[in-house]
Amino acid sequence: MGDGLQRDAKTIHDWLWWFAVGTVVASGIGILSTGTVTNDWYVWGVDHGTVAQYGPITREAINQRPAPIPPEVLARPVSPPAQ
């Protein structure tokens, strides 16, 4: 009876080990395919019908990015809130 418990404990560790290996492999595939297979996963998802489309997808809308924060704003000291 004790042998069965040992076998079960080894089995769960085997499952977890293979889960970890699968996670690394799937992550590697995702990282390698980003920028090579597709540049924008949202557009890919809309094209393949896996996500809802929110508004028109145009090249201009895809390339539109928020303005960066100017360095002088980042360099300002943060003052504590007024009490």
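By about how many helical turns are Trp 41 and Trp 44 separated in helix H2? The answer is about one turn, because the two residues are three apart in helix H2, which covers residues 41-47. Please keep in mind that this is a predicted model. The points below begin with the whole chain and then visit a few of its residues.

**The chain as a whole**
- The chain contains four helices and zero strands, and reading along the sequence gives the pattern α-α-α-α.
- Of the 83 residues in the chain, 7% are buried.
- The accessible surface of the chain is about 7800 Å², and carbon and sulfur atoms account for 66% of that surface.

**Aromatic pairs**
- There are two aromatic pairs in the structure.
- One of them joins Trp 17 and Trp 18: their ring centres are 4.7 Å apart and their planes stand at 90°, so this pair is edge-to-face.
- Both of these residues, Trp 17 and Trp 18, are exposed.
- Trp 41 and Trp 44 also form an edge-to-face pair, with 5.6 Å from centre to centre and 75° between the planes.
- Two values are quoted for each pair because a pair of aromatic rings is described by the distance of the centres and the angle of the planes.
- Trp 41 is partly exposed, as its relative accessible area is 42%.
- Trp 44 is partly exposed too, with a relative accessible area of 33%.

**A nonpolar patch on the surface**
- Ile 12, Trp 15 and Leu 16 make up a nonpolar surface patch, and together they have about 370 Å² of accessible area.
- Is Trp 15 buried or exposed? Trp 15 counts as exposed, because its relative accessibility is 63%, and the cut-off for exposed is over 50%.

**Around Ser 33**
- Ser 33 is another residue found in helix H1.
- Ser 33 counts as buried because its relative accessibility is 13%, where buried means under 20%.
- A polar atom of the Ser 33 side chain lies 3.2 Å from the backbone oxygen of Gly 30.
- Which residues does Ser 33 contact, leaving aside its neighbours within four places in sequence? They are Thr 38 and Trp 41.
- This brings us back to the opening question, as Trp 41 is the residue that pairs with Trp 44.

Note on methods: Residues are numbered from 1 along each chain as its sequence is written. This is a predicted model: local features need pLDDT of at least 70, side-chain atom pairs count only at pLDDT 80 or more; totals for chains, interfaces and linings use all residues. Side-chain values use heavy atoms; hydrogens and water are left out. Patches are made of residues with over 30% relative accessible area and no salt bridge: like charges are joined within 9 Å, nonpolar side chains (Val, Leu, Ile, Met, Phe, Trp, Tyr) within 5 Å. Accessible areas come from the Shrake-Rupley method with a 1.4 Å probe; for residues, only the protein chains shown count as cover. A salt bridge is a side-chain nitrogen of Lys or Arg within 4 Å of a carboxyl oxygen of Asp or Glu. Buried means under 20% relative accessible area, exposed over 50%, partly exposed in between (1.4 Å probe, protein chains only). Rings of Phe, Tyr and Trp (its six-membered ring) pair if their centres lie within 6.5 Å; planes under 30 degrees apart count as stacked, over 60 as edge-to-face and the rest as tilted. A polar contact is a pair of N or O atoms within 3.5 Å; within protein, one must be able to donate a hydrogen and the other to accept it, and residues adjacent in sequence count only if both atoms are side-chain atoms. Contact means heavy atoms within 4.5 Å.
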